[in-house]
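Hello,

Here is the structure I promised to pass on to you. Have a look at it first, and then read on for my notes.

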Amino acid sequence: MPKSTSISIEEHEAEESYFVSMTDIMVGLLFIFIIIIMYFSMQINNEPVVSQSIHNEVLAERDFLQSELDKLEDKYNEQITRIEELQSENEKLKERDRRRVNEFDTAERLKTRIKNLIDKNLALRVNVRELKVEVVRILEKLEFSPREKQIDDPQTSLVDEVATLVRLLKGLKVDAFKQYVNEADNRLEQILKDMQELMSEAGFKVEIVPEQGILRLSNNLLFPNAVSDIVPGTPAYEAATNLAKSLKTVLPCFTRGEISAPNRSRNCNPSAAFIEAVFIEGHTDNVPVLVEIEPGVKNNLDLSAKRATNTYRRLVEAEPDLIKLQSVGKKPVLNIAAFGETRPIADNETKQGKDKNRRIDVRILMYTPRSEHISNIQKLVPIQ
């Protein structure tokens, strides 16, 4: 047999051997698979078998329990909702309680305020009654009989008591104003008399006119005819010097300023009567000025103004503090006025009359306040 044929037979035998081996392997795997299936089958068969009726009962029980569970869940949700409602109601109650606490606090504050108002009302009533008593006392002291004498009527309201007090005060203001004016007039007359006495003690006779508030220096004390100068060593010079001293002695009690006596004591001015102005007034007779007798003097008005100016000058030279005397309104009280021949006090047809008309008048004007300002004026003088 040829060689190629021999190879083919061997190869064919080898291939058959290969397939036999593969078949054995597959058979073995199949056997194992069958064994595994049988095992699981046996396991399944070992499970207990449940009848259809029991199965149905189990399902019914499950459905019943599920239904009960749903009901419980619904009840749970209802309880949750109720709890939320109760929480909301609780918050409302808390808020109401807070409001009630605030209302209680407010009520307590109102009670306290009402009590304070009642106490103040009682205090005011007492003060009003005390004022009424004092007003009536003052009015009676001033010889003014008030109609309202009832002071402590418990049935009278506070408003009525205040109204009564206002009426009494109005009467008091009217009478107080009259009293103040009378006191000021009396004080003015005393001022003039004091100055007249001081001038007399110095050897100078002066005249006073209380109703006009005038201290008068006649012609023979000051200026000869057609003369306006005050020359040292002359009677006019001495008279003006002593007039300055008299003003400096008397006026501080009735003026304001740094040398004002009422700033320190009420003893010299108990009625708080103040001087508004002191005018140094120049007057002449009716003899006309035909020529310019001195520079700037061409007529009687010029002459009277020059005499008043020179007198004023001598006063402040002798007593410089006079310019510090002030009125209530803190204006200088010392002033100058000129009238020429327009205000004669005697007949200009006689020499004696002409001599009287040539004069210097020191006119004092007292301050007259409005009635409602009297108390403010009185406060300018300290109470001792």
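Which side chain does R216 join in a polar contact? The partner is D361, and the contact between the two side chains spans 2.7 Å. Please keep in mind that this is a predicted model. R216 sits in strand β2, which covers residues 214-217. This residue counts as buried, because its relative accessibility is 9% and the cut-off for buried is under 20%.

Now to the salt bridges, of which the structure holds 19. Two of them are found in helix α2:

- K71 pairs with E68 at 3.8 Å, N to O. The two are three residues apart in the helix, so about one helical turn separates them. K71 is partly exposed at 44%, and E68 is partly exposed at 29%.
- K111 pairs with E108, with 3.7 Å between the closest N and O atoms. Here too the spacing is three residues, about one turn of helix α2. K111 is exposed at 54%, while E108 is partly exposed at 31%.

Elsewhere, D321 and K324 form a salt bridge with their closest N and O atoms 3.3 Å apart. Both belong to a network of salt bridges that also links K248, E258 and E319.

D70, E73, D74 and E78 gather in one of negative charge; E78 lies in helix α2, residues 52-141, and is exposed at 53%. A nonpolar patch, with about 680 Å² of accessible area together, includes I32. I32 lies in helix α1, residues 3-46, and is partly exposed at 45%.

Enjoy exploring!

Best wishes

Terms used
Residues numbered from 1 in each chain as written. Predicted model: local features only at pLDDT ≥ 70, side-chain atom pairs only at ≥ 80, totals over all residues. Heavy atoms only, no water. Patch = residues over 30% accessible without salt bridge, like charges linked within 9 Å, V, L, I, M, F, W, Y side chains within 5 Å. Areas by Shrake-Rupley, 256 points an atom, 1.4 Å probe, with all protein chains shown as cover. Salt bridge = Lys/Arg side-chain N within 4 Å of Asp/Glu carboxyl O. Lys, Arg positive; Asp, Glu negative; His and termini not counted. Charge placed at Lys NZ, Arg CZ, Asp CG, Glu CD. Helix = DSSP H or I, 4+ residues; strand = E, 2+ residues; numbered from the N terminus. Buried < 20%, exposed > 50% of the residue type's maximum accessible area, 1.4 Å probe, protein only. Polar contact = N/O pair within 3.5 Å; in protein donor to acceptor, adjacent residues only side chain to side chain.
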